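Here is a protein model to explore together. Have a look at the sequence and the 3D view, and then we'll walk through a few spots inside.

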Amino acid sequence: MGYFRRDIKTWSKKNSSPVTEADFLVDEFLKQTLLAARPQYGWLSEETTDDLARLNKQTIFVVDPIDGTRGFIRGDDGWSISLAIVKDGEAIAGVIYAPARDELYEAIKNGGAKLNSAPLLKPDKNKERPVIAAAEAVFKKLKNAGIKFECGPHMPSLAHRLVQVSTGKLDIAIGRRGAQDWDIAAATIILEECGIALEDACLGGPKFNREETRHGALAAMLDNSLRAVVNDALIDVYGCLENNADKKA
Ligand code: IPD
Ligand code: CA
Ligand code: CA
């Protein structure tokens, strides 16, 4: 928080996404603190050079030190720190913390999910039109398919955006193709503990700690009534990683 809404150092990465000195400091702090507590675990973080030794570890930490860096730089409070424990390819515990909003989402497998220590329960489906957060191109496909919906607000952090399906702010949250383990592992277990599935439109439930850390386009949905039409829209817009590597949106 000491770096938020201040004049800080920023760089542009090869994929043209921004990174700041705060991203590196959070990464270093979490790496030292968590690996000191669990030296037997592997480590996968957006800001640490990937060490494939993690593939031989049964359990690893998966960390995005700042998710929503663009928002962080702009002074938007919707950025978060996303941290998961992945065992045998599956997220078994997760924390997403949005410090500027003081929202702490957490879950442990079979232990339920919480928001700021209060149980986070699957919201009732009580809206006439689902609120969907997605890119314009996806909205267009859904409109063409005759779906009536409302467009959700812009939220800079994918992790924070995905778990808004468990708070009732969103009914469907989309992650575009190319999301990485660190963007989605914590959200996967938090949503799962609320009875909400986060699925890759091409491959179904995501698997973590593989050599390839990228995923296809994903959707978290409060209920599955629109799953097929949303998945079709996502595949149309983004393609699948294996056979549509040239499609971008
Ligand atoms: C990004 C954010 C953004 C999503 C991008 C991610 P970063 O992560 O989550 O919402 O659309 O795909 O890369 O770069 O801020 O950690
Ligand atoms: Ca991220
Ligand atoms: Ca990041």
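## A buried ring pair

Let's start with Trp43 and Phe61, which are both buried (buried means under 20% relative accessible area, exposed over 50%, and partly exposed in between, using a 1.4 Å probe and protein chains only). Their ring centres sit 6.2 Å apart with the planes at 65°, so this pair counts as edge-to-face. Rings of Phe, Tyr and Trp (its six-membered ring) pair if their centres lie within 6.5 Å; planes under 30 degrees apart are stacked, over 60 edge-to-face, and the rest tilted.

Trp43 belongs to strand 3 (residues 42-45) and Phe61 to strand 4, so the pair ties together parts 18 residues apart in sequence. Helices (H or I, at least four residues) and strands (E, at least two) are DSSP runs, numbered from the N terminus. The structure holds seven aromatic pairs, and ring pairs also link Phe4, Phe72 and Trp79 into a cluster.

## How to read the model

This is a predicted model, where local features need pLDDT of at least 70 and side-chain atom pairs count only at pLDDT 80 or more, while totals for chains, interfaces and linings use all residues. Residues are numbered from 1 along each chain as its sequence is written, chains are lettered from A and ligands numbered from 1 in the order in which they are written, and side-chain values use heavy atoms, leaving out hydrogens and water.

## Arg54

Buried or exposed: which is Arg54? Arg54 is buried, with a relative accessible area of 2%. You'll find Arg54 in the loop between strand 3 and strand 4.

The side chains of Arg54 and Asn209 are joined by a polar contact of 2.8 Å (a pair of N or O atoms within 3.5 Å; within protein, one must be able to donate a hydrogen and the other to accept it, and residues adjacent in sequence count only if both atoms are side-chain atoms). Leaving out residues up to four places away in sequence, Arg54 touches several others, including Trp43 and Ile60 (contact means heavy atoms within 4.5 Å).

## The calcium site

Which residues hold the protein donors of the calcium ion (ligand 2)? They are Asp64 (OD), Asp67 (OD) and Asp183 (OD), lying 2.1 to 2.2 Å from the ion. Donors are N, O and S atoms within 2.8 Å of the metal (3.2 Å for Na, K and Ca); water is not among the atoms, so sites may look incomplete.

Asp64 also bridges this ion and the calcium ion (ligand 3), the two lying 3.7 Å apart. Both Asp64 and Asp67 are buried.
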